[in-house]
Amino acid sequence: MAKYLLLKHYRGAPAAVNDVPMDQWTPQEITDHVQYMRDFAARLEETGEFVDGQALAPEGMFVRYDGEGRPPVTDGPFAETKDLIAGWMVIDVDSRERAVELAGELSAAPGAGGKPIHEWLELRPFLAAPPTITE
């Protein structure tokens, strides 16, 4: 089995087919979208392919270490940045092909007007082992 990260973006990915921003959806459209995501995750839980998933708020900041005895340095929030992650899901599947299949299905979650969004999802494999260094 191989783990993959599916990333949903607020913005930064190519435009979706049904590209109406969520803040312009009706409450029912939002409910239907969230239910689709829950049903998708529940189905993957039954097959043992779901690991975890969460929606993320648009707010956030960068944090870095600034030296012994000094507080961490923060910068942000960056709500104006080009790329914002809306949420993520980790799946554990038998093949890259299965990961692509599931990402495609998740991309069809309903949006405005109840029509599939056909949004672009970022699909990233987990490293199976640390990279090797050759000299």
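This is a predicted model: local features need pLDDT of at least 70, side-chain atom pairs count only at pLDDT 80 or more; totals for chains, interfaces and linings use all residues.
The length of α1 can be checked by simple reasoning. The helix comprises 21 residues (27–47), which should span 30 Å at 1.5 Å a residue; the C-alpha atoms at its ends are 31 Å apart, and the two values therefore agree. Just after α1, glycine 48 adopts a positive phi of about 80 degrees.

### Packing against helix α2

Helix α2 covers residues 96–106, and α1 packs with α2 at an angle of about 155 degrees, their axes being 11 Å apart. Because angles over 145 degrees count as roughly antiparallel, α1 is roughly antiparallel to α2. The crossing of α1 past α2 is right-handed. The residues that make the contact are listed below.

| Helix | Residues in the contact |
|---|---|
| α1 | Tyr36, Met37, Phe40, Arg43 and Leu44 |
| α2 | Arg98, Leu102, Glu105 and Leu106 |

### Lysine 3

Lysine 3 belongs to strand β1, which spans residues 2–11. Its relative accessibility is 34%, so lysine 3 counts as partly exposed. Leaving aside residues up to four places away in sequence, lysine 3 touches Val51, Val90, Ile91, Asp92, Arg124, Pro125 and Phe126. The C-alpha atoms of lysine 3 and glutamate 49 are separated by 8.9 Å, although the two residues are 46 residues apart along the chain.

Key
Residues are numbered from 1 along each chain as its sequence is written. Side-chain values use heavy atoms; hydrogens and water are left out. Helices (H or I, at least four residues) and strands (E, at least two) are DSSP runs, numbered from the N terminus. Buried means under 20% relative accessible area, exposed over 50%, partly exposed in between (1.4 Å probe, protein chains only). Contact means heavy atoms within 4.5 Å. The expected span of a helix is 1.5 Å times one less than its number of residues. Axes are lines fitted to C-alpha atoms, for helices over the stretch in contact, and angles run from 0 to 180 degrees between N-to-C directions. Angles under 35 degrees count as roughly parallel, over 145 as roughly antiparallel, 65 to 115 as roughly perpendicular and the rest as oblique. A crossing is left-handed if the near helix is turned anticlockwise from the far one by less than a right angle, and right-handed if clockwise.
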